[in-house]
Amino acid sequence: MTASPDSLFPSEGDLDSSQLQMEPDEVDTLKDGEDPADRMHPFLAIYDLQPLKMHPLLFAPGVPVTAQVVGTERYTSGSKVGTCTLYSVRLTHGDFTWTTKKKYRHFQELHRDLLRHKVLMSLLPLARFAVPHPSAPETADREMPSLPRAGPEGSTRHASSKQKYLENYLNRLLTMSFYRNYHAMTEFLEVSQLSFIPDLGSKGLEGLIRKRSGGHRVPGFTCCGRDQVCYRWSKRWLVVKDSFLLYMCLETGAISFVQLFDPGFEVQVGKRSTETRYGVRIDTSHRFVNGAGYFAAVADAILRAQEEIFITDWWLSPEIYLMRPACSDDWRLDIMLKKKAEEGVRVSVLLFKEVELALSINSGYSKRTLMLLHPNIKVMRHPDHMTLWAHHEKLLVVDQVVAFLGGLDLAYGRWDDLHYRLTDLGDSSESAASQPPTPCSDSPDIPDISHNQFFWLGKDYSNLITKDWVQLDRPFEDFIDRKTTPRMPWRDVGVVVHGPPARDLARHFIQRWNFTKTTKAKYKTPMYPYLLPKSISTANQLPFTLPGGQCTTVQVLRSVDRWSAGTLENSILNAYLHTIRESQHFLYIENQFFISCSDGRTVLNKVGDEIVDRILKAHKQGQCFRVYVLLPLLPGFEGDISTGGGNSIQAILHFTYRTLCRGEYSILHRLKAAMGTAWRDYISICGLRTHGELDGHPVSELIYIHSKMLIADDRTVIIGSANINDRSLLGKRDSELAVLIEDTEMEPSLMDGAEYQAGRFALSLRKHCFSVVLGADAQPDLDLRDPVCDNFFQLWQDTAESNANIYEQIFRCLPSNATRSLRALREYVAVEPLAMVSPPLARSELTRVQGHLVHFPLKFLEDESLLPPRGSKEGMIPLEVWT
């Protein structure tokens with residue numbers, strides 16, 4: 001007579017299972033001297049989660065799981081009756097240790113589930129082939145242990161013996177993979193596939209919960225008032241780590257929600273606290289002036305990626321070359337990302353989804369191009385709704401341990417070096433190099449560059465004021481004539497950080513990625529996975545570092561709003577204001593925009609106001625204090641400056657001049673009112689210009705300053721993506737990233753003629769910048785150590801004035817102080833410049849130029865109203881767009 005399944009299960013009072021047998025099982029063992037951490041699950045396991053009831057491998061193979069019942073406590077449910085004993089079970093698996101509290105009935109329920117599992121497996125036809133019957137000696141060792149009978153709680157001796165029995169019971173089960181990996185056991189132990197990944201931190205709280213789904217009420221039951229009726233409830237697996245919590249769907253194993261929180265977050269019943277902010281992190285930082293070094297370091301970091309690459313840019317050009325001149329496609333961004341994806345690296349890209357009528361960056365093309373390369377490359381665009389604001393940050397993170405940020409998008413026109421070349425015609429000694437490489441007929445997307453001598457291919461050769469980018473889906477075709485039009489050099493500053501600051505920047509990207517996934521319906525599918533932050537506890541375990549780093553303290557700063565990241569922060573503005581206010585000797589500013597000086601209506605940020613207050617304080621106290629400001633001579637919009645530049649250029653000029661020198665709120669107006677002409681001893685406002693040779697005669701072009709940098713006192717530096725304007729600084733508008741870097745390593749220097757301990761990072765960066773703009777290579781006796789003393793400040797001013805006069809004499813370049821009205825502008829450009837009339841004489845005069853520094857023309861078109869006409873397209877745009 002055959003036994004039914006039900007008859008094989010013991011009654012609730014007697015859970016003795018010694019009659020049941022199971023197959024032999026190897027006891028988990030480690031080799032002598034082997035580190036258990038080496039067998040733990042890799043971080044990339046987060047991208048391959050399985051349903052919990054499919055019994056995925058949760059524990060590291062060969063690493064034992066041990067249990068110890070460390071104590072008991074009385075538990076009361078809240079009523080006057082129903083007290084019971086809670087057993088505290090401490091579990092260990094390699095370096096992971098956690099404690100769970102269980103009632104005796106939980107052991108009984110586990111016991112029944114494991115018995116049922118054993119019986120059902122033995123009855124399945126296929127299981128008889130998969131699970132061989134053990135021999136008699138093996139049976140004695142591998143039979144399922146029994147539980148002590150439940151009964152009234154007795155003496156202390158009885159309780160301790162029961163406690164020891166439960167401990168032995170668990171440890172016996174945990175040596176058997178058949179039981180250890182069954183979902184009833186893993187639920188009892190409160191473990192999942194995310195429990196034993198070292199990069200996610202310690203074990204943390206886990207368990208099965210009932211979750212109210214977003215507070216969504218069931219239609220038709222809105223008047224009941226009872227949550228059991230009015231809300232939808234579902235079962236989820238909760239995981240709480242040191243910096244995030246998440247829910248997992250039991251049926252699919254997919255992560256359905258992720259919430260990041262700051263260190264110090266406490267999980268409480270009915271209430272939570274999330275007030276703790278990030279602190280400063282000590283780590284190495286390395287700076288890059290111009291795109292050549294930045295792009296090369298990015299390429300190096302991508303090659304070293306083992307797990308993840310995060311990229312977010314305002315604009316990304318997939319076909320950009322990271323090393324120049326490129327003689328193969330090994331250094332092309334899209335091909336590098338494809339190769340890493342083929343190796344198993346997960347690539348996640350966030351792009352700003354522009355308003356196509358206003359911008360020509362074609363993010364749709366960038367997304368399609370990257371998504372077609374490999375399934376491991378995922379690209380999101382945000383936002384979908386019409387907005388005046390942009391995702392302006394530039395960030396690349398590798399394996400959450402190295403992060404690049406600053407002003408450099410991985411896009412056309414950004415690569416440059418200290419030469420600031422105006423032309424790119426290849427090597428004139430090579431006859432084949434007179435034309436840049438073009439796509440082959442059999443491979444229309446990839447040109448033959450095996451003999452390439454060009455630095456800028458196709459759309460990369462650019463002059464954004466002469467012509468904006470077009471036809472970006474044809475990347476290797478020129479769109480301006482490089483034989484007649486000089487390119488516009490691009491000056492920018494970036495930085496790479498390691499360790500904890502890189503971990504913070506990765507968390508920012510993850511927050512934005514998960515926010516976008518949550519808010520856009522098309523990204524809610526499993527095709528776009530949730531991202532998880534690595535634990536801050538492992539942030540100093542660096543698999544690699546980039547050379548040239550210096551020890552500093554680094555604080556990550558952001559401008560974000562609810563539309564951009566789901567939260568509000570304007571810490572970049574706060575850092576600028578604080579740094580300016582606390583500065584003691586000087587400020588050095590490079591920025592693409594300078595729109596400030598609050599009037600409480602049109603312009604709100606007070607960066608300019610703080611500069612005025614700091615200079616007035618120095619003047620009142622008789623202190624020596626300098627402010628150096630470097631801005632692009634013209635805004636980066638397409639327009640013919642010889643006719644005024646167009647409405648967009650003039651709109652930015654209006655607000656720039658309003659900040660600098662025009663109107664009652666301007667910096668110079670307020671300084672002049674307080675000290676007359678003495679303002680010249682405190683502040684210098686300049687731009688950069690260079691010259692070259694093209695089509696048989698000298699040519700000149702401004703160097704487009706795209707940097708977003710502040711250096712104070714050779715000890716503090718701010719580098720990021722944020723311009724000095726309301727768009728970047730208020731937080732409610734464009735999203736931005738920056739870092740506040742404070743030196744911890746000092747070296748001897750000078751300040752106002754006295755010995756001074758300067759920060760190694762800030763000093764080297766400031767001296768490098770000054771060396772380039774002043775042309776120090778041609779002046780071996782130039783001493784750049786003291787940025788404050790009278791001799792140096794006068795040298796700076798004289799160089800800027802002399803260079804500006806030479807350029808105006810030879811090229812009649814614009815903008816110019818000689819053109820204060822549109823009429824004067826027309827007369828000015830009607831005169832043929834010396835560079836065209838007498839190229840040899842012009843070349844002779846240009847030898848007197850030192851570096852690139854020129855004074856900013858503060859009187860350009862000062863007699864004209866530069867605001868866009870009300871009837872124009874630009875005039876109908878809200879003023880906030882320009883500020």
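My entries on cavities and pockets follow.

**Ground rules.** I worked on a predicted model, where local features need pLDDT of at least 70, side-chain atom pairs count only at pLDDT 80 or more, and totals for chains, interfaces and linings use all residues. Residues are numbered from 1 along each chain as its sequence is written, and side-chain values use heavy atoms, with hydrogens and water left out.

I searched the whole structure and found eight cavities of 30 Å³ or more (a cavity is a set of points on a 1 Å grid over the protein atoms alone where a 1.4 Å probe fits but cannot get out; lining residues have an atom within 4 Å of a point; points are joined across faces, edges and corners, and a volume is the space filled by probe spheres set on them).

The largest cavity comes to about 90 Å³. I noted among its lining residues Phe593, Phe594, Ile652 and Phe856. That lining has 10 nonpolar, two polar and no charged residues (Ala, Val, Leu, Ile, Met, Phe, Trp, Tyr, Cys and Pro count as nonpolar, Asp, Glu, Lys and Arg as charged, the others, Gly among them, as polar).

The second largest cavity has about 60 Å³. Its lining includes Glu319, Tyr321, Asp460 and Phe476, and divides into six nonpolar, no polar and two charged residues.

**Open space.** Next I looked up the largest pocket, with a volume of about 1400 Å³ (a pocket is an open set with protein on both sides within 12 Å along at least five of seven lines). Of its 44 lining residues, Trp314, Ala358, Leu359, Phe637 and Val881 lie nearest the centre. I counted 23 nonpolar, 11 polar and 10 charged residues in this lining.
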